[in-house]
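Please look at the sequence and the structure below, and then follow the paragraphs with the model in view.

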Amino acid sequence: MTLARLPLIPELDRYAGDDLKVVSPIDGVELASLRADSREEIEQKISQSVEAFSSWRTVPAPRRGELVRRYGEKLRANKEELAKLVTLECGKILEEGRGEVQEMIDICDFAVGLSRQLYGLTIASERPGHVMQESWHPLGPVGIISAFNFPVAVWSWNSALALVCGDSCLWKPSEKTPLTALACQSLFDEVCADFPEAPKGLSQVVLGTAEQGAQIVDDHRIPLISATGSTRMGRIVGPRVAARFGRSLLELGGNNAIIVTPSADLDVALPSILFGSVGTAGQRCTSTRRVIVHRSVFDLVFEKIKSAVLQIGASKVGNPLEEGTLVGPLIDEGAYKNLKRAIEAVRPSALEIVGGQRVEVGSGGFYVHPALVKLDRQVESVCEETFAPLTYVMPYDSLAEALEIHNAVPQGLSSSIMTTDLREAEFFKQNSDCGIANVNIGTSGAEIGGAFGGEKETGGGRESGSDSWKAYMRRQTSTTFFGTEKPALAQGIKFDV
Ligand code: UN1
């Protein structure tokens, strides 16, 4: 254990144990070995969270915003260290590690503004002397289950909003990336130490695997479970939360496509296709997995992507801490095996396959040459999400057909069209079945200001910007009679005694 590499977790020893071996995907070296929370400890944390909620909900929202503002400042001061830890633990390149921490800072800023804008409504009543209002109240402890690929940003989208909404938080990070969670927790604790209204246990981390996650998922004291991860995980979490009439916010798999039309400006299209396909080693839920290209430019576009992918594969795959690297390692051997499996599944139908092989970068890590598959149509195996740098390129003839191909997968997160034709752009936006539909920018790299999430097997949740905050609050309709006459009943009902 190299404590010196983890200055953000001064109390790491407190978590030491044999349950979770945390390995850096960069070199396979063990970073730490941690203990999972026991059932009793989780029970205690949940009780603590309920307790924390009962006082935090009474703190005025702008003051709650002040705590989040200070946390944003703390992140600014520790951005580089936290970004390095993100890179060390999940393997994304340092530039993207910085981007991830910047997303946290941005959502904190967003939440601070929001803390003064948790607006309700005044509604016209049908009865004389009555007024109707809709207001938003704190919801309760929020359970946050996050994935390895955005180990800290996705937590912050949830927690920054939940905190200004008056909720307490319980965070079960991916068992592959618990260290970044502990680092965020210790920064949070530092901020709370100087904030008298912040109750003990306002935000806590629960360490463990799916087993520990399940205890949070099943607990009726936690009204909202926000879970990010695979569709497989969502299929388990969704029904379990529903069975106890809890609410879930699910951010699951994607299978995102970029449509390239004949009018596309290829200088605009190519960088987006490349960043979406190979950025973060293809391990974003927003990664570009499919490129649907008009037949008139199909070969040209494929060749351009291919030559860029070959160039990246030859010289830009490597240690994510080193400058110049564009593609770091896959998270682990399982991810590499999934990539191999997907390539074998598509091989019989492929016109051409580029890359997909391991790249030797040093010992231990699973580095791969990004894979590109040329197809003459969308085949069955393409419909499954593969969390790796694997991109399928296929042709279309009419835009209606392109949208049919586009929508024929079970996931519905992010989509994009490359076009300079206004009609094509609008047709695409009307017909894409995804939660995100971009024009002339790629599928990945969404800003925090918009609501983030998708339809179908992506789970239907929306988090981050816009009015996503409403998921973290309880809506209340209240009708007040202020008249002096006998109040009327609604619907014109007469009930004279
Ligand atoms: C994820 O991969 O789970 O839009 C989140 C993006 C990032 C977030 C991705 N802002 O690519």
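Asparagine 256 has threonine 288 as its bridge partner in strand β11, where strands (E, at least two residues) and helices (H or I, at least four residues) are DSSP runs numbered from the N terminus. This is a predicted model, in which local features need pLDDT of at least 70 and side-chain atom pairs count only at pLDDT 80 or more, while totals for chains, interfaces and linings use all residues. Residues are numbered from 1 along each chain as its sequence is written.

The two strands concerned are β10 (residues 256-260) and β11 (residues 288-294), which pair in the parallel sense over five bridges; two strands count as paired if DSSP finds at least two bridges between them. Both belong to an open sheet of seven strands with mixed pairing, in the order β12-β13-β14-β11-β10-β16-β17. At its edges stand β12 (352-354) and β17 (436-439), each of which pairs on one side only. On average, neighbouring strands of this sheet are turned by 15° against each other, direction ignored.

A second open sheet has five strands in the order β7-β6-β5-β8-β9, with parallel pairing. Its edge strands, β7 (203-205) and β9 (247-251), each have a single partner strand, so one side of each is left without a neighbour in the sheet. Within this sheet, strand β5 (residues 142-145) pairs with strand β6 (residues 169-172) in the parallel sense over four bridges, and leucine 170 in β6 is the bridge partner of glycine 143.

Now turn to the helices. The axes of helix α4 (residues 94-114) and helix α5 (residues 153-164) come within 9 Å and cross at roughly 15°, the axes being lines fitted to C-alpha atoms over the stretch in contact, with angles that run from 0 to 180 degrees between N-to-C directions. That makes α4 roughly parallel to α5, since angles under 35 degrees count as roughly parallel, over 145 as roughly antiparallel, 65 to 115 as roughly perpendicular and the rest as oblique. For helix α9 (residues 266-278) and helix α10 (residues 298-315), the axes come within 11 Å and cross at roughly 45°, and α9 and α10 are therefore oblique to each other.

Where does the ligand lie? Domain 1 (3-39 + 46-252) and domain 2 (256-439) both give residues to the shell around the ligand, so the ligand lies between them; the domain bounds come from an automatic or database domain assignment. Among the residues that surround the ligand are Glu103, Asn149, Phe150, Arg284 and Cys285, where a residue is near a molecule if its C-beta atom, placed from the backbone, lies within 6 Å of it. By class, this shell has four nonpolar, five polar and two charged residues; Ala, Val, Leu, Ile, Met, Phe, Trp, Tyr, Cys and Pro count as nonpolar, Asp, Glu, Lys and Arg as charged, and the others, Gly among them, as polar.
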